[in-house]
Amino acid sequence: MNCVKVALNLPLDKLFYYKVPEELTGQVKIGKRILVPFQKKKLIGFVVEEVKENHKNLREIIKIIDDFPPIGNDLLLLGRWIAEYYCCSIGQALHSILPIQYPFKADKDKLNRKKSSFSLPVSHKYRGEMDALLKEGKVILLRVENWEKRIDLYLQLIKGVLEKNRQVILIVPEVSYIPPLQKALQNFYKGEVSVFHSKLSPKQRYNQWWRMKRGEVDLAIGTRSVVFSPFPKVGLIIIEEEENLAYKQIEVPRYHVREVAIKRAEIEQFPIVLFTQSPSLESWERGKEGVYKSISFSKDVKNFPQVEVVDLRKERDRIFSSPLTKTIRQELEKNRPVLLFLSRRGYANFLLCRECGEVIRCPNCNIGLTFHLRDDLICHYCGYRQKAPQVCPLCRGKELHRVGVGTEQVEAEAKKRFSGIGIRRVDLDAINSPLAYKQLLNNFKKGKSDLLIGTQLLIKEEILQRVSLVGIILIDTLLNLPDFRAGEHVFQLLMKIKKLMRGDGKIIIQTYNPEHFALSTLKKGKEEAYYEEEMRIREELGYPPYLHWVRILLEGRNKDKVEEAARRTEEKLKGEKISFLGPSPCPFSRIKEKYRYHLVLRDESLVRIREVLKKRLISLFVHFSNVKVAIDVDPLRTM
DNA sequence: AGCACGCCGACT
DNA sequence: GTCGGCGTGCTC
């Protein structure tokens, strides 16, 4: 009797045995999906292993879904690695690798392959260099800020790989990056491009997957999941903006696409190129240690805009300091558009009662409600809305003070100060669709906006290139986020602005913390000094990348139960020779009616952390009722 | 993750 | 007497 080991999409660290019925023997193959009975349900699972020996009391496979294995040996290996590294089941990893429900039937269609062709009017100056790089067999970190140069390098890289009859995967952080990139590449690359991301319909995803599998295309562009592209022979993976936080998946499996890509490259033997404007500290360190080959294509430092840091403690006006106001006027007089950045939507951060000192909070989240001019009070975490009260709901106090500045307030203040100009606010409340953004951009390019006020939505090359002044209203909103990477993210954001703006431009940063080294190194243009100092601090405090972190997040509606679970986890850890932080309430201690506690295990060796997890903790977590446990290996955010 | 089993309190 | 809470344990 034949049986198979099957990986199911369940959070169970276990494979299940099933009997192969007579009529299906011969059709079973490793990597195919099958339908199996599981308790009262029917589930789709992957055949992971064929077993000859006899097992009693096994249930039978209901049917075989695919005519051929959609997941080959290499992707199966990658799935096993993801499961091991990120502490999930093989089934969960494999279902993430193949995010498609349709069956794969025998390929009867004729191959409709169109030969890719190139015309490269761009200079070939990097061609030899790129070819030589790819031969080195190392991960390559390319520090390039400028779009044109980046496209040029992409084309050189892609051409080199396609000539060897191999395929290229190009990974971007978000769907919105795809169309402009595709357009730019297709000016020179005449072949078919497969586009793959989570917003495609199931049918579209299935079709794209087929095109890649059959080798009808040589180039795939997409978000995270395109890293699992089933190309016959991958020759190169390019990752755009490697430092982008979107590359870490929030749900299980909580993988980082950079790490998965590097692992895949190791398994299938092909090179990896990471592009960045301002690298993550992890990549910078690996570059310095020689793990990555790091190459800078940056323009001359002299061509970067000047940076001025304004100490708000010394200013009377805390939105428009005198240096900022003066410079804005100068720019407007010269008819040059200005961008004001603030990472906070709404009018005011929260409402504070002057009499009892209470802040009006969201009933679902332990967070102050943001005051908006039109919609009144809104929770930026769960979307809860209510009308702003006239008096304090607790003490009936009449003085509700609006604390903290948001983009709406900056807009209102700007309108008072600068008349007769086009002022446009750009945040998630004002721009709610790609079309709205497109319209904004068109109007901006036509010169209809003199002053743009907005959040991260504005930090785009096409906008930054066209402004000569960027004013950061209050960098402290980002600098003081309760996350140890806050400083790094601020530095990356400001560096990106600096590198994308024209050389004759200016950046004015307003802050209550002008001594912060992320700001001082930025001002002096000492990029390397920033990374070195950040590394020193991380080492001193036992933070990544010096130590590996594994975060255990405990969530539940019942506060006592979550606390109890946290305490029991702590008890189990105390006997182990491993360093850990917590348990403590998360910085955002309650979100969407759920109380949140966390612990962080840390060690130089991830293997050691995983051993403790598997031997001591997983068995404990199973017994928690009404408390959800999330294990996040190499977490990017710990809020 | 689901789902069943089982053991205690407050209801028709 | 039974309905339903959630602690416990299992799923090929």
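In this predicted model, strands β3 (residues 33-38) and β4 are held together by six bridges and run antiparallel. Arg33 has Phe46 of β4 as its bridge partner. The two strands make a hairpin with two residues between them, and one residue in that turn, Gln39, has a positive phi of about 50°. As a general point, strands of a sheet pair through backbone hydrogen bonds, in either a parallel or an antiparallel way.

Around DNA strand B lie Pro11, Leu12, Gln39, Lys40 and Lys41. Of the atoms of DNA strand B that come within 4 Å of the protein, 42% belong to sugar and phosphate. Gln39, the turn residue with the positive phi, has a side-chain N or O atom 3.0 Å from a base nitrogen of DNA strand B. Lys40, for its part, places a side-chain N or O atom 2.7 Å from a phosphate oxygen of DNA strand B. Sorted by type, the residues of this surface come out as two nonpolar, one polar and two charged.

Moving on to the second largest pocket, its space comes to about 870 Å³. The lining is made up of 43 residues, and those nearest the centre are Arg258, Glu259, Ile262, Arg286 and Tyr292. Two or more lining residues come from each of α1 (73-85), α3 (127-135), α7 (257-268), α8 (281-288), α14 (486-500) and β24 (548-556). The largest share belongs to α7, with six residues.

The link between β24 and β27 consists of six bridges, with the two strands antiparallel. Here Leu554 stands across from Val629 of β27. In a regular strand, side chains alternate between the two faces of the sheet.

Methods. Residues are numbered from 1 along each chain as its sequence is written. Chains are lettered from A and ligands numbered from 1 in the order in which they are written. This is a predicted model: local features need pLDDT of at least 70, side-chain atom pairs count only at pLDDT 80 or more; totals for chains, interfaces and linings use all residues. Side-chain values use heavy atoms; hydrogens and water are left out. On a 1 Å grid over the protein atoms alone, a cavity is a set of points where a 1.4 Å probe fits but cannot get out, and a pocket is an open set with protein on both sides within 12 Å along at least five of seven lines; lining residues have an atom within 4 Å of a point. Grid points are joined across faces, edges and corners, and a volume is the space filled by probe spheres set on the points. Helices (H or I, at least four residues) and strands (E, at least two) are DSSP runs, numbered from the N terminus. Two strands pair if DSSP finds at least two bridges between them. A residue is near a molecule or strand if one of its heavy atoms lies within 4 Å of it. A polar contact is a pair of N or O atoms within 3.5 Å; within protein, one must be able to donate a hydrogen and the other to accept it, and residues adjacent in sequence count only if both atoms are side-chain atoms. Ala, Val, Leu, Ile, Met, Phe, Trp, Tyr, Cys and Pro count as nonpolar, Asp, Glu, Lys and Arg as charged, and the others, Gly among them, as polar.
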